Amino acid sequence: MQITISVPGKLMLFGEHAVVFGHNSLVTSVSQRLTTVVEFSNDDNLILTHKDISNDNYRKSIYELGDGEISKEARFVEISTKNFFQKIGKKKGVKISTQCPFSKKYGFGSSAGVTVGVIAGLAKLFEVPFGKKELFDLSYKTVLEVQGKGSGFDVAAAIYGGTIYFTTGGKIIEPLEVTRIPLIVAYSGIKADTVQMIEKVMKIDNREQIFQEIETITNKARDAMLTKNWEGLGSLMNLNQNLLVKLGVSIPKLDLMIKAANGAGAWGAKLSGAGGGDCMICIAPEEKKAQVEKAITDAGGEVVRVDTGVDGTRIES
Ligand code: MEV
């Protein structure tokens, strides 16, 4: 029996960084889906075949999961499997493969996606019923164990899909009735390191005051989205961006792309995620969309076409 699970990628809309320290955020899922296939193996090994990376056929005894050197690519899968076995109190050899159609460079959340895909797939394979919150808790524990820091918003987006109001560790995970957001997404060409950026923010003296301001904006953005006030949402993006600049996480390339988008008629723009690179998002009237995209491209950005608010974790077969 083979189980195939697919999970969406994510984009942070509002509240990045503040969310790590207990504030709220708004997150949406994106239409680039990551696929995980799990099945039983014939022996006592975890066999890992990442279809899209080079280290095919990674193999480890299920009695040694988490021990010794683990390659970066294998880490999320191995620790997910170890934690799943620990949780259900039994283990068996499994073969797992993952396929990520989107480049990891965009920061759409491949680590969280792999973690959720593996745990959801194993739960189905071992016929252990896992609710969404249980899946979230075990996946979040795994992500923290591997990367040390993070709010878990990427895990929540992968599981719940749609657009959600979220606070750290899943204390609040509230799906919002938001239809497709007319968002433009563009990659800066620079790969960001989330943990490094969080550590940078931790050194800012007046960060708590800035987080409070971000929280107020995030709450307003929630209302703007619920009422489809896209122009208002754009203004709030600009305000959030100013605060991210104060936190020191924007970079000249993102500033340039954001300025270009606003200059070409966008209602507002901001970086999305940790900053230091990765993507920016902006919102623009339909009739200005093409010129905004051109301005972003002229500023050296790469427009990435995605839909937002798509399904969360799905069992495909
Ligand atoms: C990174 O995409 C967003 C941060 O808020 C980290 C997190 O919430 O885990 C910086």
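Which residues of H7 are buried? Let's find out on a tour of this predicted model.

**Before you start.** Residues are numbered from 1 along each chain as its sequence is written, and side-chain values use heavy atoms, with hydrogens and water left out. Because the model is predicted, local features need pLDDT of at least 70 and side-chain atom pairs count only at pLDDT 80 or more, while totals for chains, interfaces and linings use all residues.

**Stop 1: helix H7.** Select residues 230–246. Helices here are DSSP runs of H or I with at least four residues, strands are runs of E with at least two, and both are numbered from the N terminus. The buried residues of H7 are Trp230, Gly232, Leu233, Gly234, Leu236, Met237, Asn240, Gln241, Leu243 and Leu244. Buried means under 20% relative accessible area, exposed over 50%, and partly exposed in between (1.4 Å probe, protein chains only). Now show what covers them: among the elements are strand E1 (2–14), helix H6 (207–226) and strand E10 (279–283). After H7 comes Gly248, with a positive phi near 80 degrees.

Stop 2: Click Ser139 in helix H3 (residues 132–147). Ser139 counts as buried because its relative accessible area is 0%. Leaving aside neighbours within four places in sequence, Ser139 is in contact (heavy atoms within 4.5 Å) with Thr115, Val116, Ile119, Val155 and Ile159. Then jump to Gly263 in helix H8 (residues 252–263). Gly263 has 72% relative accessibility, so this residue counts as exposed.

**Stop 3: the core.** Select Phe108 and Met280, the residues with the most contacts inside the largest nonpolar core, which has 108 residues. Such a core is a set of buried Ala, Val, Leu, Ile, Met, Phe, Trp, Tyr and Cys residues joined through side-chain atoms within 4.5 Å. Helix H2 (residues 110–125) gives the largest share, nine residues. Beyond four places in sequence, Phe108 touches residues including Leu11, Val30, Phe102 and Val306.

**Stop 4: the ligand.** Finally, select the ligand and its surroundings, including Lys10, Glu16, Phe153 and Thr194.

Notes. A residue is near a molecule or strand if one of its heavy atoms lies within 4 Å of it. The expected span of a helix is 1.5 Å times one less than its number of residues.
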